[in-house]
Amino acid sequence: MTRPLAAAAAGLTLAALLPFAVPAYFVDILSRVLVFAMLAMGLNLLAGYAGLPSLGQAAFMATGAYTAALLIRKLEVGFAAASLAGVLLAAAVGAVFGLIALRARGATFLLITLALAQSVWAVAFTWRSLTRGDDGLGSIPRPELGWLPWPMADARAYYFLVLIVFLALLAAFAVLVRSPFGLALQGIRDNEQRMRSLGYNTWLYLYTAFIIAAGYAGVAGVLRAYLVGAVVPGWSQVDPSAEALLMVIMGGPGTVIGPLVGAAIIEPVAEMANLFTRHWPLVLGALYVVVILGAPEGIVGWLRRRLPARASRPAASERPSEGLAAAAPGEAI
Amino acid sequence: MDTLPLTLLDALSLAMLLFLLSAGLSITFGLMRVLNMAHASFYLLGGYIGLAVWSRTANFGLALLAAAASMALGGGLLYGVFLARFSKEDEMPQVLLTFGMLLIAAEAAMIVWGGNVMRLPPPALLQGPAELGAVTYPRYRLFVIAAGLAMAVALSLLIGRTRLGAMVRAGVDDTETAQTIGLNMPRLFLLVFGLGSLVAGLAGALGAPYLGVYPGLDFDVLLLAFAVIIVGGAGSVEGAFVASLLVALADTLTKTYVPALSYFSIYVPMALILAFRPRGLLGRAA
């Protein structure tokens, strides 16, 4: 068995067994990890593959969550339709924001996405008659899938629902980034000018990626609303957006599995900090500093460089000296 | 009485604070491409340190000086110890690192100074109202407007007329070439970063008598500063000045006449600029 296949099998086994090894409260944290991994995965398409660092991704998560919650609570729409509407509206908001944000690149893009995301917070915060403002929307029920024997109120049953959605999004992502579309995005990341002169409509590629990323965030938002049973304006603020970007950076930007790795480390740490100290922002802030100083290329990138190269990686085997240098001791993580 | 003159004066005094806050950010962003989220922490901490010094010495000038000096030191340390290692293209690590710093600074301030709104009393000379023809307006805010204008002129001269300014402008336009012709860019970056932090700390203390200092102020002003950078364009003192006027005007007018939309005031100027002039009004950096 090749290494990626073995790793995937081990990961799946772990994901299937872990919820039975921990108490229900921790199962909810596992679901949270997957939800944030979906948010970060979409962001990774932008930040890691297309070279567009967004700091407003949580706005689409909040849009998806509010849409599903409102449709279910106020109009008593079914779960499937409400969830789909949440994802579609998140993508639609992405389509509007993308038009504005893609007027710029690089750090200015980041600044604009942050400001735009704040407008979603402002809508949720000020439109009290619809969203109940700062109180947020509560008592959002979890989906009931009648044909399944397990009620979704059970933490483990809901975890597996989230896991299935996550795996579907992960598979789609792996296909997407290897497709001509994904390769073109990476070309644009490396040199947009050249891709344009090759005849690519680079704007359209980036715009499409922006909308897809918003859709991923929408899925994460819908599932998070059911998980928590509530949604508050804070979901669209800079904190979750920055957290998602940290997950991308920590796991390894431009890698399929990186965001999951980042989420699997950051979410539990943030949750534990929240449990054990009133001053959890200090812990979270320190986590940002440590991660950025300690793992600038991300864990997956670091592992790839450290693990001995295989014949399947011609770039490394052609230049063995580089592989040796990379494996030299004294590298700090 | 007609409220418009008062509203315009309010906008002007807010604009001056905004300018002091974002001038440094605009230069460091334009010059080094460092998007420093913790710039807002300099404003917040400047306010708190001003308060702390005033409560011990009752000397307003000393409070301003302490806020400015301590934030210059803090900015120099932040840049020298943490940010200098990154190259221009590393915007994501820089942003996340400085966001972590913002979280730490905000929580530390919360631990030391608590969660209430605190106000720095203006010095006796600047208390009470002043008569301006038909309009009566708080004397302290007039002082802020005057101080802001003076700083704007000083910064504009510093960047536009001095040797240091010429080096900064060269760095904004083309860092590599500036480096090649022998300019010491690392030292210049450190100096400029410290100066930008100094002005932000000063703005925090200057604003403390009427905006107050409270948890969350850092993020409130950060968003306004970002709007100023987007509208004015990075790397330009004049751009930051004009954009501060526009953003403050939009903010104050909506707060006065359509308060329901006050949270959305910054988006109209921002979207218009991005539609027609994505580099910002006077942006230098491409």
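How many of the 27 residues of helix 8 of chain B are buried? The count is 20, so helix 8 is largely enclosed by the rest of the structure. This is a predicted model. Chain A holds 16 helices and zero strands. Chain B holds eleven helices and two strands. The two chains touch through 32 residues of chain A and 31 residues of chain B.

**Chain A overall**

- Chain A has 333 residues and a radius of gyration of 20 Å. The globule rule also gives 20 Å for that length, so chain A is as compact as a globular protein of 333 residues.
- Along the principal axes, the C-alpha atoms of chain A fill a box of roughly 65 × 50 × 45 Å.
- Buried residues account for 46% of chain A.
- Take the contacts in chain A between residues at least 6 apart in sequence. Of these, 74% join residues at least 24 apart.

**The contact between the chains**

- Chain A contributes 32 residues to the contact, and chain B contributes 31.
- Three helices of chain A each supply at least two residues to the side that touches chain B: helix 5 (106-126), helix 11 (238-251) and helix 13 (280-294).
- Helix 5 of chain A gives the most to that side, with twelve residues.
- The side of chain A that touches chain B divides into 25 nonpolar residues, six polar and one charged.

**Chain B overall**

- From the N terminus on, the elements of chain B run α-α-α-α-β-β-α-α-α-α-α-α-α.
- The radius of gyration of chain B is 18 Å. A compact globule of 286 residues would have a value near 19 Å, which agrees.
- The C-alpha trace of chain B spans about 60 × 45 × 35 Å along its principal axes.
- Of the 286 residues in chain B, 53% are buried.
- Among contacts in chain B with a separation of 6 or more, 78% come from residues 24 or more positions apart.

**Helix 1 of chain B**

- Helix 1 of chain B covers residues 4-32, a run of 29 residues.
- At 1.5 Å a residue, helix 1 of chain B should span 42 Å. Its end C-alpha atoms are 40 Å apart, which agrees.
- Helix 1 of chain B has a kink of about 30 degrees, centred on Ser22(B).
- Helix 1 of chain B is mostly covered, with 23 of its 29 residues buried.

**The loop residue Ala38(B)**

- Ala38(B) lies in the loop between helix 1 and helix 2 (39-57) of chain B.
- Why does Ala38(B) count as buried? It has 28 C-beta neighbours inside 10 Å, and the cut-off for buried is 20 or more.
- Beyond its neighbours within four places in sequence, Ala38(B) is in contact with Leu78(B), Thr98(B), Met101(B), Leu102(B) and Ala105(B).
- Asp218(B) is 180 residues from Ala38(B) along the chain, yet their C-alpha atoms are separated by 8.6 Å.

**The strand pair of chain B**

- Strand 1 (residues 129-132) and strand 2 (residues 135-138) of chain B pair in the antiparallel sense over four bridges.
- These strands form a hairpin with two residues between them.
- Gly133(B), in the turn, has a positive phi of about 65 degrees.
- Glu131(B) stands opposite Thr136(B) in strand 2 of chain B.
- Leu132(B) stands opposite Val135(B) in strand 2 of chain B.

**Helix 8 of chain B**

- Helix 8 of chain B runs over residues 185-211.
- Just after helix 8 of chain B, Gly212(B) has a positive phi of about 75 degrees.

Note on methods:
Residues are numbered from 1 along each chain as its sequence is written. Chains are lettered from A and ligands numbered from 1 in the order in which they are written. This is a predicted model: local features need pLDDT of at least 70, side-chain atom pairs count only at pLDDT 80 or more; totals for chains, interfaces and linings use all residues. Two residues are in contact if their C-beta atoms, placed from the backbone, lie within 7 Å. Ala, Val, Leu, Ile, Met, Phe, Trp, Tyr, Cys and Pro count as nonpolar, Asp, Glu, Lys and Arg as charged, and the others, Gly among them, as polar. The expected span of a helix is 1.5 Å times one less than its number of residues. The bend at a residue is the angle between axes fitted to the seven residues ending there and the seven starting there. A residue is buried if 20 or more other C-beta atoms lie within 10 Å of its own, exposed if 12 or fewer, and partly exposed in between; C-beta atoms are placed from the backbone. The radius of gyration is taken over C-alpha atoms; the globule rule is 2.2 Å times the number of residues to the power 0.38. Two strands pair if DSSP finds at least two bridges between them.
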